Amino acid sequence: MNPAETLSSLVVPPPLQVQATPTSLDPYGQLIKMLLPRALCIAIYDRTGLPLWFSDGCDGPDLHQLVEHALAASAAPDSPDADGFARSLDGTAAYVCILRDESGQVLGITALSCRETASGEQRPFTLIHGLLRPVLEILGRELANQDSIQ
C-alpha cells in the first residue's frame, strides 16, 4: 500500500454542524386529543400570544381573543384566571390553560374548544385542567427548552 493512500484514508472529515430546530408540536396536540376526545380545535401559543401550532381546521379569531384575555389576566397575580379558564364560545366550550415555569413566568398558552356534554353542559375548568395536567407540564418544558435554544 502506498504511503499517500494510507495517509488519505486517515483523513477525518470535518465535524457535522448540528442545528437545533424547533420540535414539532404535533405529538402534544395528539396527546390532548387522546385525553380529551371531545376536543374540536386545539391551539398552542407562545408566551406573547403568537400561534405556534393549530389542529386541522382551527384558525379562527375566537380562541385568539381568549388567549389575549388570558395574557392580560396572567399579569395580575391575584387573578382567579391565573391557571386558565373556561368560557362558552358559539355553542362549544372553550378552555384556556396558561403554562408557567417554576417561577410563575408564562411559557405559553394552550386553548381548545370542545363539544359540550350531551346535556349541553360545559365541564368545569378544574376537571379539564386536571385531565390535561401531564401533557401541559411536558409541553411547558418543551416551550421552555425551545425558548432557551433561540
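Biologist: Let's start with helix H2: at about what angle does H2 run to E1?
Modeller: This is a predicted model, in which local features need pLDDT of at least 70, side-chain atom pairs count only at pLDDT 80 or more, and totals for chains, interfaces and linings use all residues. Residues are numbered from 1 along each chain as its sequence is written, and side-chain values use heavy atoms, leaving out hydrogens and water. Helices (H or I, at least four residues) and strands (E, at least two) are DSSP runs numbered from the N terminus; axes are lines fitted to C-alpha atoms, for helices over the stretch in contact, with angles from 0 to 180 degrees between N-to-C directions; and contact means heavy atoms within 4.5 Å. H2 lies across E1, E2 and E5, and relative to E1 it runs at about 140 degrees.

Biologist: Within what arc do the buried residues of H2 fall?
Modeller: In an α-helix, residues three or four places apart point the same way, because there are 3.6 residues a turn. Buried means under 20% relative accessible area, exposed over 50% and partly exposed in between (1.4 Å probe, protein chains only), and in H2 the buried ones are Tyr28, Gly29 and Ile32. They line one face of H2 because, seen down the axis and going by the directions from that axis to the C-beta atoms, they fall within an arc of 100 degrees.

Biologist: And which residues on the other side of H2 are exposed?
Modeller: The buried residues of H2 have cover that includes E1, strand E2 (51–54), E5 and H4. Over on the other side, the exposed ones are Gln30 and Met34.

Biologist: Which strands stand at the edges of the sheet?
Modeller: Strands count as paired if DSSP finds at least two bridges between them. This is an open sheet of five strands with antiparallel pairing, in the order E2-E1-E5-E4-E3. Each edge strand has a single partner, so one side of it is left without a neighbour in the sheet, and these strands are E2 and E3.

Biologist: In E2, what is the bridge partner of Tyr45?
Modeller: E1 and E2 run antiparallel to each other and pair over three bridges. For Tyr45, the partner in E2 is Pro51.

Biologist: Is Ala86 buried or exposed?
Modeller: Ala86 sits in strand E3 (residues 84–89). Not counting residues up to four places away in sequence, it touches Ala94, Tyr95, Gln122 and Phe125. With a relative accessible area of 19%, Ala86 is buried.

Biologist: Which pattern does the protein chain follow along the sequence?
Modeller: There are four helices and five strands in the protein chain. Read along the sequence, they give α-α-β-β-α-β-β-β-α.
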